[in-house]
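This report covers a few local features of one predicted model. The structure comes first, then the details.

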Amino acid sequence: MSASLTSPPDTMGTAELASVTAPSITTELPGPIARSVIERDERFSSPSLTRVYPLVVGRGSGTVLEDVDGNRFLDFNAGIAVNAAGHAHPMVTEAIRAQAEACTHYCSSDFYHPVYAELCERLAATAPMPDSHVILVNSGTEAVEGALKLARHHTGRPNVIAFYGAFHGRSLGSLSLTSSKAKYRSGFGIVTPGSYHAPFAFDGELTGADYIEQVLFERMTEPSDVAAIFVEPIQGEGGYIVPPVGWLAALRALCDEHGILLVIDEVQSGVGRTGRMWACEHDGVVPDIITAGKGLASGLPLAALIARDDVMQWAPGKHGSTFGGNPVACAAALATLDLVENGLADNAASVGDTILSALRQLSERQPMISGVRGRGLMIGFDVGDHDTAEAVEQACFQRGLLVLTCGQKSLRVAPPLVVTPAQAETALTIIADACAAVAAESR
């Protein structure tokens, strides 16, 4: 571990833990307690789970995680962009506690609950399209499934279009749209018919609306058969790719021309992560449907399908969820939205700009790093090839920084929105150190 990374005290309370600016690794990784947990987990859990590195979480606060052996890490993946308000934020935990003491569950598909109505109202107010309606579900893939159903129901059309590199979920409907990795589809037979794909931004000379119009509409499907185009405003697992100015607007224009719904998947990019409530706001593009999830409830399972009023017109029973809109998760989401709207989105923009600038400067002296891009705290950069990206990911873990790969050769930086400039500075030092170590080993 780099000598510049000082260790915090061995014992501290949760509030003190949040203020830690540098990791502390005091055992080998994984440590002895972690190894026993991993052994038990691997004996009984599904082998389909892809554990990236042997992290066994004990507790967390803010941007800091402590494993079961007492090792402390700076969390710069936020549970894959989920812990928007950080770990154990006092406002979120208090909202959870208060709601759990009042009522933990009563099926929102069949009955009413004040906190469900309040959250729907808040989400509708944040949406870029006016007069929106909301249905709450449990996960991003469920929100995408709902959007798929709603688009076909509203238009009466069978087909949908998504993009290569996209990740929209792993249930069979959303899997039809996902194309970030072939292994997600392998062995599952026919997915939902009528699903087509186009190249995402920078994936060749002909992409987006131009490819859809010149190739798909000419050779694969009439536009009058297309219900919706699904797109991530910043592609997530596909590489944290930010499309150029006008690329999303061209999709909006194409949809308007042919009566197609534009579904913007903000499951990873939404709720303040890019410095605005919704990433599509950077481009001034107004969707017909938004899917939200991940950071919405700062760690509790909750997602949302938000649509224009004239689109979300379906009869009772057409869609619902036993657990979707769970009162405790709704309470956590309301607290999260308060925090995002009152400072965390601004912090994401400010600290994100600092990280982007520093990574670009680092790329000038570290040839391994290229293609630095991002918005707010949704930042990606390339490091040569897939094996190198995985090596840097592991080197960061060994130094106490939690990052993840994405795309073919990229690392993603997506800390909780509460991350401090000091923590960002430490993370950048670790990234530089990890890249230098991997480069030295490859010589």
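The side chain of His168 makes a polar contact with the side chain of Asp265, at 2.7 Å. A polar contact is a pair of N or O atoms within 3.5 Å; within protein, one must be able to donate a hydrogen and the other to accept it, and residues adjacent in sequence count only if both atoms are side-chain atoms. The model is predicted: local features need pLDDT of at least 70, side-chain atom pairs count only at pLDDT 80 or more, and totals for chains, interfaces and linings use all residues. Residues are numbered from 1 along each chain as its sequence is written, and side-chain values use heavy atoms, with hydrogens and water left out.

**Two loop residues**

His168 sits in the loop between β5 (159-163) and α7 (172-175). Gln408 lies in the loop between β14 (404-406) and β15 (410-413). Helices (H or I, at least four residues) and strands (E, at least two) are DSSP runs, numbered from the N terminus. Buried means under 20% relative accessible area, exposed over 50%, and partly exposed in between (1.4 Å probe, protein chains only).

| Residue | Relative accessibility | Class |
|---|---|---|
| His168 | 3% | buried |
| Gln408 | 63% | exposed |

Contact means heavy atoms within 4.5 Å. Neighbours within four places in sequence are left aside. Gln408 is in contact with Asp385 and His386.

**Helix packing**

Helix α8 (residues 208-219) packs against helix α9 (residues 247-258) at about 40°, with axes 7 Å apart. Axes are lines fitted to C-alpha atoms, for helices over the stretch in contact, and angles run from 0 to 180 degrees between N-to-C directions. The pair is therefore oblique. Angles under 35 degrees count as roughly parallel, over 145 as roughly antiparallel, 65 to 115 as roughly perpendicular and the rest as oblique. Among the contact residues are Ile212 and Phe217 of α8 and Trp247 and Leu254 of α9.

**Strands**

Four strands form an open antiparallel sheet, ordered β11-β12-β15-β14. Its edge strands are β11 (370-375) and β14, each pairing on one side only. Two strands pair if DSSP finds at least two bridges between them. β11 and β12 (residues 378-382) share four bridges. Ser370 has Asp382 in β12 as its bridge partner.
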